[in-house]
Amino acid sequence: MNFWQNIRRPIYALAPMEDVTDTAFREIVISNSSNEFLNVVFAEFTSTDGLCHPVGRDKVSHRLLINQSERNLLNEKGIKIVAQIWGSDPKRFYEATKIICDEYNFDGIDINMGCPVKKIVKQASCSELIKFPDLAKEIVAATKEASNIPVSVKTRTGIKEHNTEKWISTLLETKPAAITLHARTQRMMSDFPAEWEQVKIAVELKNSILPEIPLIGNGDLFSMDDCFARLEETKADGVMIGRGIFKNPWFFNYPNKSYTKEEKLTLLVRHLALYENTWQGEKGFAIMKKFFKIYTYDFYGASEIRAKLMETKNAEEVYFILRQEGIDC
């Protein structure tokens, strides 16, 4: 049942992103991707404490929603979908994994050991686990014990400085189904260029110990040409795209072409309608605003349209503005 062993290489994955990679946006990306250049998508990261709490569960379960229309696309294109969880208590990882395996339909579970946000790491979670290798190993073991689907890990190269060899060696001891390495330390956040030589170090180490485990690189991939270059120089088994999707929602539709104003704004209409139909007020309209820049770039008047859209308070106001631009809504 470990799809990571059978998936086409190189692997192309859409990263888990907070308030971004919900079922609506994943569907938009999947529907505009070619089968060859998107293999795996990740849901938003979900708190194990929240998922295991009788009240907190209602507040986080939306992160695990898979629309039927998205599920149909996943099945049609043969794309795998992975839930990502985070926390610091192995028992909670065990319980949360049981819930996901029993009540949801994911192809894999990923453990977040990479998020560098201060309010998260102060809980000894995510990238802070690099400081606590024994706890990290306990967490992987507990998750694997509870899971009937493959368990992978997404992480960084270190805390204040690169500690790639030692840290990746530690993770390999747990035999995860796959490792995704963001080529930055915790301290680097996303404020400094990703240092892909660290991915190459990790790949060479992995190949000498457990070559069958895929190692995926992540960081500063803004075009498919970037992906090709990094794959060639590091010999990684795949790449994961995060912020690059904000520059092009057709990122995975290669070879890329230039898209017109009408095509971009029409895709925005489709995304907004899907968002509204999916959440029906459960998630606020303000979250949708972070997507506007994806669709309003690289055409005459884009910045002016984006400024107007950012002032809107609901979907109808967005549609009104787009109709003024000649878009059918």
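## Salt bridges

In this predicted model, a search of the whole structure finds 18 salt bridges. A salt bridge is counted when a side-chain nitrogen of Lys or Arg lies within 4 Å of a carboxyl oxygen of Asp or Glu. Side chains of opposite charge can pair when their charged atoms come close.

One of these pairs is formed by Asp22 and Lys283, with 3.6 Å from N to O. The two residues belong to distant parts of the chain, 261 residues apart: Asp22 is in the loop between strand 1 (11–14) and helix 1 (23–31), and Lys283 is in the loop between helix 11 and helix 12. Helices (H or I, at least four residues) and strands (E, at least two) are DSSP runs, numbered from the N terminus. Asp22 is buried, with a relative accessible area of 3%, and Lys283 is buried at 7%. Here buried means under 20% relative accessible area, exposed means over 50%, and partly exposed is in between (1.4 Å probe, protein chains only).

In the salt bridge between Asp237 and Lys206, the closest N and O atoms are 2.8 Å apart. Because Asp237 lies in the loop between helix 10 (224–234) and strand 8 (238–241) and Lys206 in helix 9 (residues 197–209), the pair ties together parts that are 31 residues apart in sequence. Asp237 is buried at 14% relative accessibility, and Lys206 is buried at 1%.

## Parallel strands

Strand 5 (residues 151–155) and strand 6 run parallel and are joined by three bridges; two strands count as paired if DSSP finds at least two bridges between them. Val153 has Ile179 of strand 6 as its bridge partner. Together, strand 5, helix 8 (residues 164–173) and strand 6 make a right-handed β-α-β unit. A crossover is right-handed if, with the strands pointing away from the viewer, the path from the first strand over the helix to the second runs clockwise.

Strand 6 is also joined to strand 7 (residues 215–218) by four bridges, and these two strands run parallel. In strand 7, Ile216 is the bridge partner of Thr180. The chain passes from strand 6 through helix 9 to strand 7 in a right-handed β-α-β crossover. In a regular strand the side chains alternate between the two faces of the sheet. In strand 6 (residues 179–182), Ile179 and Leu181 point one way, Thr180 and His182 point the other way, and all are buried.

Which residues of helix 13 (residues 302–310) are buried? They are Ala302, Ile305 and Leu309. Seen down the helix axis, these residues fall within an arc of 70 degrees, so they line one face of helix 13; the arc is that of the directions from the helix axis to the C-beta atoms. An α-helix has 3.6 residues a turn, so residues three or four places apart point the same way. The buried residues of helix 13 pack against helix 11 (261–279), helix 12 (292–295) and helix 14 (315–324), where contact means heavy atoms within 4.5 Å.

His271 lies in helix 11 and is buried, with a relative accessible area of 0%. Not counting residues up to four places away in sequence, His271 touches Ala24, Phe25, Ile28, Met288, Phe291 and Tyr295.

## Basis of the values

Residues are numbered from 1 along each chain as its sequence is written, and side-chain values use heavy atoms, with hydrogens and water left out. Because the model is predicted, local features need pLDDT of at least 70 and side-chain atom pairs count only at pLDDT 80 or more, while totals for chains, interfaces and linings use all residues.
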